[in-house]
Amino acid sequence: MADEPKLPHQPAVPGDTPAKSPVAEGGGTTSSPSAPVKSAEVGQPKAAASEGGAQPPTPVAPAKPPAAAAPPKPPAPPKPPVKAEPWTSPLLDEIKKKFPGAVVEAVTFRNQPTINLLKESLVAICEFLKSEEGGAYRYLADETAVDYPKREKRFEVFYVLYSFKANHRLRLRVAVGDDEKLPSVVSVWPAANWLEREVFDMFGIAYDGHPDLRRILLPDEWVGHPLRKDYDILRQDAAWVKANLHIESGQ
Amino acid sequence: MSQTTYLDADELVLNMGPQHPATHGVLRVKLKLDGERVMGTECIIGYLHRGVEKIAENRTYLQFAPYVDRMDYVAAVTNGMGYCEAVEKLLGVELPPRAQFTRMILAELQRIASHLLWLGTHALDLGAMTPVFYTFREREEILKIFENYCGARLTTHAFRIGGLQYDLYDGFEKEVLKFCESFPGRVDEYETLLTTNRIWMERTKNVGVLKAEDAIALAVSGPVLRGSGVNWDIRKALPYEAYDQVEFEVPLGQNGDTYDRYIVRVKEMRQSVRIIRQCVERIAPGPIFGKVGKVIKPPVAEVYHSIEAPKGELGYLVVSDGTTHPYRVRVRPPSFVNLQALDIMSRGHLVADIVAIIGTIDIVLGEVDR
């Protein structure tokens, strides 16, 4: 882990691509703007106070607003970094050289590097990463998405790669809008088949080039995508439930 | 279109499940058959979908912890361990050694328990009635240890973010060592029943072959991957807890068939005993909790952390927005990803072998569907 002090953080990542602004909006590993990170860490004394401080030894009742002075960051003496830092590696340089403009940002947090990519060059970069000179990331451990409704491109799709050769994990992140199609990586890693079906099922992200894009966990006729943030936890497809289960509530 | 009748059809579509004793839950498989041969399969899953990932977004980090036990409900300890570790990683918390070794002991016991359940039911599926009684006998001993430790047998919720909820009870080490003493002999007994059994070998050898490159391409993990000869165990490759301080071997198969996966799992149980013995030796009095605040409020970031669960790579992607509730928790279930290999493994085999192949993947539908 890097030992860089956390606040005077320079936006060193090349911001030559326009899709950088949504990243800063909060939620993901923001690296360039220090302001939102700072506010989340120390700038919320109200929330911190109302739930008790981070001092286990004091036997004060946990819900006492004035007793909590310290912000609830981990009070360990070797303070772990609380935000992502820019990531550099020969592999990243190689990608940047081969695919100019495709890398939006590369950060690392807790020794876990993440590369933000533009979706246009996703498949080509994935193929490169899978090849021997690209680090032989032959194992797609996971693919999933996160919904940020306020962003311009609301979804972020994650790819968790692993290389047996380098014994290294790498995450890719691609922003995709609500009405956009994401290129499928099934041609690169067949494992993505069901994973992408699940993302489609849960988030409604459509894939281009997927061999069999259907819902996987929910019934085919279900309306709505439950893991979107605007899908309430109690919501359901009432019409489907009524038609198929012959009950009103689903409970 | 000519009118097809099933009598002269070349292909017959047969539905298996969701209510079928050999599908280990509510798995439904559509089989495309040519006579008795399987031409292709299609899994229909989701019957047990409970929206665990959605629930996570509406709970605090602590409140969500019991839910993960309900995914792989026959290996709740490892599920909880993966989740706790992911959040600890997000927070940057280091565990004291006593907590680490306790976790490893319980996790390895859980691995044995999970493999025992698998072995018993898998053998039962293939017509060997006897092993299930023996494996459940030993599994019961492990569940008793869990019960003594935390009061629950299956959905244990044994760990808390930052350490353990309970310290070990008096006599824990003795009980665990007693189990370690008797268990290898018991494994010998299972092997006497199965390993060189003609019927067992006929039913499992060259059935459900998964080549190493297919296994990697389909991202299967755990014993299924190692049965195909790929030497990858997360405990070795990317050690968590204190797995880098204990010695153990990673058993491998050669042909990637059902028999090899059986051998891998049996050997894994022996290695687990080895790990438990070393952990019991090293466990020393000390704190059981790392430095975690009462309110868990991780920095704005995300981590992906995965552990070697009994069924394979169990990963958690935890995204934090700086509040007390996770912004998103993604569970990478080993069973779900491994089940994808069913199609490639079952093509060309007989219908009866499908039962063997479903069994050998070792799925738990609670985890497939979440």
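Predicted model: local features only at pLDDT ≥ 70, side-chain atom pairs only at ≥ 80, totals over all residues.

Visitor: Does Ser184(A) count as buried or exposed?
Guide: Ser184(A) sits in the loop between strand 7 (181-183) and helix 5 (192-203) of chain A, where helices (H or I, at least four residues) and strands (E, at least two) are DSSP runs numbered from the N terminus. A residue is buried if 20 or more other C-beta atoms, placed from the backbone, lie within 10 Å of its own, exposed if 12 or fewer, and partly exposed in between. Because Ser184(A) has 21 C-beta neighbours inside 10 Å, it counts as buried.

Visitor: What radius of gyration does chain B have?
Guide: The secondary structure of chain B comes to 15 helices and eight strands, and 56% of its 370 residues are buried. The radius of gyration is taken over C-alpha atoms, and the globule rule is 2.2 Å times the number of residues to the power 0.38. For 370 residues a compact globule would come near 21 Å, and chain B agrees with this, having a value of 21 Å.

Visitor: At what angle do helix 4 (residues 97-125) and helix 11 (residues 258-282) of chain B pack?
Guide: Axes are lines fitted to C-alpha atoms, for helices over the stretch in contact, and angles run from 0 to 180 degrees between N-to-C directions. The axes of helix 4 and helix 11 of chain B lie 9 Å apart, and the angle between the helices is about 160°.

Visitor: How are helix 4 and helix 11 of chain B therefore oriented?
Guide: Angles under 35 degrees count as roughly parallel, over 145 as roughly antiparallel, 65 to 115 as roughly perpendicular and the rest as oblique. Residues of the contact include Phe101(B), Ile112(B) and Trp118(B) of helix 4 of chain B, and Met269(B), Ile276(B) and Val280(B) of helix 11 of chain B. With an angle of about 160°, helix 4 of chain B is therefore, relative to helix 11 of chain B, roughly antiparallel.

Visitor: Which residues of helix 4 of chain B meet helix 3 of chain B?
Guide: Helix 3 (residues 76-91) and helix 4 of chain B pack at about 140° with axes 8 Å apart, and these two helices are therefore oblique to each other. Helix 3 of chain B contributes Val77(B), Thr78(B) and Met81(B), and these meet, in helix 4 of chain B, Arg103(B), Leu106(B), Ala107(B), Gln110(B) and Arg111(B).

Visitor: How many of the eleven residues of helix 14 (residues 351-361) of chain B are buried?
Guide: Ile354(B) lies in helix 14 of chain B and counts as buried because it has 23 C-beta neighbours inside 10 Å. Leaving aside neighbours within four places in sequence, Ile354(B) is in contact with Met16(B), Leu31(B), Val38(B), Ser346(B) and His349(B). Helix 14 of chain B is largely enclosed by the rest of the structure, because its buried residues number nine of the eleven.

Notes: Residues numbered from 1 in each chain as written. Chains lettered and ligands numbered in written order. Contact = placed C-beta atoms within 7 Å.
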